[in-house]
Amino acid sequence: MIVGWQRAKYWLRNAGLCVLVFVPVLAIASPAYDPSATSFIKTSGTNFTLGGRPFFVTGVNNHYLTYGSKDEVTRVLDDAVAMGANVVRIFLQPVIGSLDGSVVTIWDWQLEGEASNLAVNGTYLLYWDPTQNKMAINDGVNGMQKVDFVIAEAGKRHLRLIIAVLDFWAFTGGAQQMRAWYGSRDESTFFFNDPRTKQDYRAWVRHVVQRVNPLTGLAYRDDPTIMAWELMNEGNAKPQALRLAWTAEMSAYVKSLDPNHLVSSGNANIFDPKLADLTIPTLDFGTWHGYPVYYDLTIQQFNDMIPEFCQLGVRDNKPVLLEEFGHARSNQNVTEAYAMWLDTLTRDRNCAGWLVWRLVSRQDSGRYPVDEHDQFDVHHDGGALWNILKAAAARATQTRETGQASETSRQPP
C-alpha cells in the first residue's frame, strides 16, 4: 500500500557489517515441533507444492508479530489456524538510529500504546553503533529472539511464514531509517544505489539466513517453517531500472546463501508494466498488492484484474500470489467483494493463492485494535467477513489441493 497513515505497514500499510555471531543452542525443540520432518515449499509451473502435492496459499498478513508480546503473537497465530490459513506474512522490524540518540531515529520509537499501533516497547532489530561507526544487529531478548519465537510458534501450529527481511516504509524504520544513518533524505534512490546501504543489506540478510534459532536448533535457512524470503516489502526504488537491478542483485545473493527457500521481491507490482520483476531468474514467484479504493476501481474491475495477473505467471512459468488486498468494512459491498475475489482466485488454476491484509487479534489490553482509517482489519469475531475468509480457506483446501478446482476461461499453460 502506498497511501494512508494506518495502512502504512503499518505502514498504518517475502548483511550487518558486524561479525556474524552464532547463537548457542539453549533449548532443544520438543518432539511435537519437528520442522525437519517436513518439506520445503517448492514451485511447479504456476503452483506451489509441498511434498510434491499442490499447495494453494490461504494466508494472512500481520505487521506487529516481530515486536508484539508473546501473548499477542500466539493469539494471532491461533486465530490464523482458526481461520484455516496456512501462511502468515511478516516483516523484520523495527530499525532505529543509535541508542544514545547521536544518530536520529526518524520515527516515533518511544510511542506508547498498543503493538498494532506501532508501540514497539523497546524492540529493535537493527541500529547504528556510533562506537563502531556502522550498522549493528540486536540478538537480544528485545531483538532477534522475538523473531526466533515467532518462527518456533508458527512451526508448532504447522503454519508457514513468508518473511520480508526489510520494509521500505519508515513507520518502524525500514529502509528509510537505514538511508538516514548516512544523512540522506532521498527516499527512493539512495538505499538501493549507495554501496554502504547495499553492503548493510547484504550483511543483514546473511545474518538472518545463517542465524540458529535456539528454540528449534535449526538455522533459519534450514527451517521449512519458512516458506519464502522477500527482499523487501514494497521496495519502491526509482527509476524502475534501479529497482529491477537491485532486485536481481539481491535475490541472487539470497539464493547463494540459502538454496532451500523460495525468494520473491515483495513488490506491489500493480502499476504498468505489471509484475515487471517476474522475469528475473532468481525470483521464484511473483507478488502483487491490491486495494481497489486506492486505485479508483470498482470491486468488479478489481476482480477482472485477478486473472490478468495470474496469466502473467503462465508467461514466465511461475506462481503469482495476491499477497495483500483489502476492502473497508464500512463499505456496504464488503462481503460481496471478498466473496467474489476469493472465489475467482480459487477457481483460476493459474492463481497460486492469497494473503489478506490483515489479521489482527486482541491486544494485551483485551481489545481489538482500533482501525478507523482504512478499516482493513480482520478479526476472529464470528462476523460475516471472518466466515467468508474461513469458508474460502476450507474450499481452497478441498478443491485446489485435491485437484478438483474448476477451470476458468483461461488459456492453458
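Select Thr287 and then Leu321, which is the bridge partner of Thr287 in strand β14. In this predicted model, local features need pLDDT of at least 70 and side-chain atom pairs count only at pLDDT 80 or more, while totals for chains, interfaces and linings use all residues. Residues are numbered from 1 along each chain as its sequence is written, and side-chain values use heavy atoms, with hydrogens and water left out.

Helices (H or I, at least four residues) and strands (E, at least two) are DSSP runs, numbered from the N terminus.

Next, show residues 320–325, the whole of β14: six of its six residues are buried, so the strand is largely enclosed by the rest of the structure. Buried here means under 20% relative accessible area, exposed over 50%, and partly exposed in between, with a 1.4 Å probe and protein chains only.

Move on to Cys310 and Cys351, whose sulfur atoms lie 2.1 Å apart in a disulfide, defined as a pair of cysteine sulfur atoms within 2.5 Å. Cys310 belongs to helix α8 (residues 299–316) and Cys351 to the loop between α9 (334–347) and β15 (353–356), so the pair ties together parts that are 41 residues apart in sequence. The link is right-handed, with 110 degrees about the S-S bond. Cys310 is buried at a relative accessible area of 1%, and Cys351 is buried at 0%.

Finally, select the entire protein, which comprises ten helices and 15 strands, and in which buried residues make up 61% of the 413 residues.

Conventions
Two strands pair if DSSP finds at least two bridges between them.
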